[in-house]
Amino acid sequence: MVELKSPGEIARMRVAGEFVADVLAELRTRARVGVNLLDLEAYVRERIRDRGAVSCYWDYAPSFGRGPFRNTVCLSVNDAVLHGLPFDYVLRDGDVLSIDLAVGVDGWVADSAITVIVGAAAEADLRLVRATEEALAAAIAVALPGNRIGDLSAAIEGVARAYGYPVNTEFGGHGLGRTMHEDPHVPNAGRAGRGYSLRPGLTIAIEPWFARTTDRIYTDADGWTIRSADGSRTAHSEHTVAITADGPQVLTRAA
């Protein structure tokens, strides 16, 4: 069931969104050569505790994961793209790191992801990250009342195809609000004019992610981390967006 939010509820989600945006901006600067992923996890855990917020990941146990997730941020390196379980790994020059964070503040949730390149960046990696960011912007631009979920999906897929990247549809965006995952599902590929009709009050996480040379994935031995099937590098960008009569509002943009 899709739950539409009031303007006041969207404002409360924005509070959570600004906190998520701030932490992601801090992690962008902290993700340097020689930094351990576990140190980044510890930093996020401290920031959430100090804010009096709640991690949406802690104790999360969906059907696609192995048992409850016992971390507060997803950190996915190189060929890993989603649900990356933080582990004892020291970042190296040229690593591609996707950082995905979902947090609740006073009962309302926001979810966002960025991809950063550690140290010296290869042009092919910059291009991949840029494609996800452009796909996200394209989907947000058509997140208007009267349009449909398929318009967002088609916009994302169009950018991917223009860059020459295949698209996986097993994992995509989703509704959110009181919890991290609500209806509707927002695929990263689809046909314009199809699917759920966008209405003011709908709040969704839009999250294009691409692997460079495959649309196939597998789950790592840790039971969580999703990787490209051929080992090619990946990137992921995500915002929480509210559909309003005045156009899309990005709730996870820094204030």
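**Close-up views of the predicted model**

**View 1. Asp106 is exposed, at a relative accessible area of 60%.** The model is predicted. Asp106 sits in the loop between S4 and S5. Its phi is near 55 degrees, which is a positive value in a residue other than glycine. Most residues other than glycine have a negative phi. The exposed state of Asp106 follows from the cut-off, because a residue counts as exposed when its relative accessible area is over 50%, and that of Asp106 is 60%.

**View 2. Gly107 lies in the loop between S4 and S5.** Strand S5 covers residues 108–117. Which residues does Gly107 touch, leaving out those up to four places away in sequence? Gly107 touches Gly177 and Arg178. Gly107 and Glu157 are separated by 50 residues in sequence, and their C-alpha atoms are 33 Å apart in space.

**View 3. Strand S2 pairs with strand S4 in the antiparallel sense.** The pairing of S2 and S4 runs over four bridges. S2 spans residues 74–77, and S4 spans residues 96–105. Within this pairing, Ser76 has Ser98 of S4 as its bridge partner. Cys74 and Ser76 point one way from S2, and Leu75 and Val77 point the other way. All four of these S2 residues are buried.

**View 4. Asn78 lies in the loop between S2 and S3.** Strand S3 is formed by residues 80–82. Is Asn78 buried or exposed? Asn78 counts as buried because its relative accessibility is 14%, and the cut-off for buried is under 20%. Phi of Asn78 is near 60 degrees, a positive value in a residue other than glycine.

**View 5. Five strands form an open sheet with antiparallel pairing.** The order of the strands is S7-S6-S8-S13-S14. The edge strands are S7 (182–186) and S14 (249–250), each of which pairs on one side only. Strands of a sheet pair through backbone hydrogen bonds, either parallel or antiparallel. S6, made up of residues 173–175, pairs with S7 in the antiparallel sense over three bridges. Gly173 has Val186 of S7 as its bridge partner.

**View 6. A cis peptide bond joins Asp183 and Pro184.** Omega of this bond is about 5 degrees. Most peptide bonds are trans.

**View 7. The whole protein has four helices and 14 strands.** The radius of gyration is 17 Å, close to the 18 Å that the globule rule gives for 255 residues, so the protein is as compact as a globular protein of that length. Along the principal axes, the C-alpha atoms fill a box of roughly 45 × 45 × 35 Å. Of the 255 residues, 56% count as buried. Among contacts with a separation of 6 or more, 70% are between residues 24 or more positions apart. The accessible surface comes to about 10400 Å², and 51% of it belongs to carbon and sulfur atoms. There are 26 positive and 33 negative side chains, and the centres of the two sets lie 2 Å apart.

Key:
Residues numbered from 1 in each chain as written. Predicted model: local features only at pLDDT ≥ 70, side-chain atom pairs only at ≥ 80, totals over all residues. Heavy atoms only, no water. Helix = DSSP H or I, 4+ residues; strand = E, 2+ residues; numbered from the N terminus. Rg over C-alpha atoms; globule rule 2.2 N^0.38 Å. Buried < 20%, exposed > 50% of the residue type's maximum accessible area, 1.4 Å probe, protein only. Contact = heavy atoms within 4.5 Å. Areas by Shrake-Rupley, 256 points an atom, 1.4 Å probe, with all protein chains shown as cover. Lys, Arg positive; Asp, Glu negative; His and termini not counted. Charge placed at Lys NZ, Arg CZ, Asp CG, Glu CD. Pairing = 2+ DSSP bridges.
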